[in-house]
Amino acid sequence: MVGVFKRSLSFPNKIPNRPPKPPLSHHIRSISLPSRSHPLISQLRDGICELRIWSSKSENRTSSWLCDGLTRLKDIHDSLDDILQLPQTQESLRLQPTWVEKLLEDFLRFVDVYGIFQTSVLALKEEELAAQVATRKRDDSKVALYIKSRKKMAKEMSKLANTIRDISRGSVPEINKLSITDAELVNLIGDVIEVTVSVSVALFSGISLSFGRRKSCWMMKLPKREKKVKIEEGIEELQQVNPESLWGLRKKGDEEVRMVLKRMQDLEGCIGGIESGGEQVFRSLINTRVSLLNSLTQ
């Protein structure tokens, strides 16, 4: 009879000597911009995306919609300014002086345009207050001056819109010759310029269409085989007070005059909100340009 023996396994008490693990190699790359996961980059990209969505929802052009766009634009430039002040970003910009000079010219045009806008709005507010007094007194001659100032404002805003439209990405460095992070910086600033143009055109053209000569909302004469295209509308609240409602005050009843005054007061509030939003953008543009200039001078 054969006995059955259980097999036992034994392990050495010590692990045989193994060759030491090679030290971990940390690849250090030269970066000109914080990594994509950096909060500043994510914040700026999110802001640009949200502003593009804002721009696509322009069916109801109200003063609230416009002020929201200006606030978002201000936040975008504040985020860009924070990025531009980083040592890594400034080092990258110093390697591309020609492109930075072009950016300085573009931002100077932005600053100039918004400076003109602020001056024009201030003058319009004064005319608006004088027009309210004239309406109470049923002074048609003074009201006529206000209507004239609105037309002047419309022309000025149309010119500003055309000036802004000429600003584009322009001559940028050749992307294929840049590092990934430097190319990202170029594209990022290009996107900021793009949305700045978009919001600014909505602002200036919206005021111009609101205060200018009223047009039919459909284009009648179009090239063959093209459908009718709806003309861009002005800002809803800015169109509530139109020249037709201001003429012939002496012939209007008291209730009708009170309604006109109420609309003018509402218009005054809307203009004040737009002025505040424009001023915030104006200051942010100045800060952004200063940071760009510092990258070349420091």
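In this predicted model, helices α4 and α5 pack against each other at an angle of about 165°. Helix α4 covers residues 97-136, and helix α5 covers residues 140-165. Their axes lie 9 Å apart. Angles over 145 degrees count as roughly antiparallel, so α4 is roughly antiparallel to α5. The crossing of α4 past α5 is left-handed. The contact of α4 with α5 comprises 15 nonpolar, four polar and six charged residues by class.

The length of α4 was compared with expectation. At 1.5 Å a residue, its 40 residues should span 58 Å. The end C-alpha atoms of α4 are 59 Å apart, which agrees with that span. Arg138 follows α4 and has a positive phi, near 55°.

The protein has eight helices and zero strands. Along the sequence, the pattern reads α-α-α-α-α-α-α-α. Of the 298 residues in the protein, 41% are buried.

Helix α1 takes in residues 39-56, and helix α2 takes in residues 63-84. The two axes come within 9 Å and cross at roughly 155°. Helices α1 and α2 are therefore roughly antiparallel to each other. Their crossing is left-handed.

Helix α2 also pairs with α6. The axes of α2 and α6 come within 10 Å, and the crossing angle is roughly 155°. This angle makes α2 and α6 roughly antiparallel to each other. Helix α2 passes α6 in a left-handed crossing.

Helix α6 itself spans residues 180-211 and has 32 residues. From its first C-alpha to its last, α6 reaches 47 Å. That is close to the 46 Å expected at 1.5 Å a residue. Helix α6 is mostly covered, with 27 of its 32 residues buried.

Asp182 lies in α6. Its relative accessibility is 9%, so Asp182 counts as buried. Asp182 and Gln96 are 86 residues apart along the chain. Their C-alpha atoms are separated by 9.8 Å.

Gly206 is also found in α6. Gly206 has a relative accessible area of 0% and is therefore buried. In sequence, Gly206 and Arg61 are 145 residues apart. In space, the distance between them is 8.1 Å, C-alpha to C-alpha.

Ser208 is likewise part of α6. With a relative accessibility of 14%, Ser208 counts as buried. A polar atom of the Ser208 side chain lies 2.9 Å from the backbone oxygen of Ala154.

The α4 and α5 pair is roughly antiparallel. So is the pair of α1 and α2, and so is the pair of α2 and α6.

How values were computed. Residues numbered from 1 in each chain as written. Predicted model: local features only at pLDDT ≥ 70, side-chain atom pairs only at ≥ 80, totals over all residues. Heavy atoms only, no water. Axes fitted to C-alpha atoms, helices over the stretch in contact; angles between N-to-C directions. Helix = DSSP H or I, 4+ residues; strand = E, 2+ residues; numbered from the N terminus. Parallel < 35°, antiparallel > 145°, perpendicular 65-115°, else oblique. Left-handed = near helix turned anticlockwise from the far one by under 90°. Nonpolar A, V, L, I, M, F, W, Y, C, P; charged D, E, K, R; others polar. Expected span 1.5 Å × (residues − 1). Buried < 20%, exposed > 50% of the residue type's maximum accessible area, 1.4 Å probe, protein only. Polar contact = N/O pair within 3.5 Å; in protein donor to acceptor, adjacent residues only side chain to side chain.
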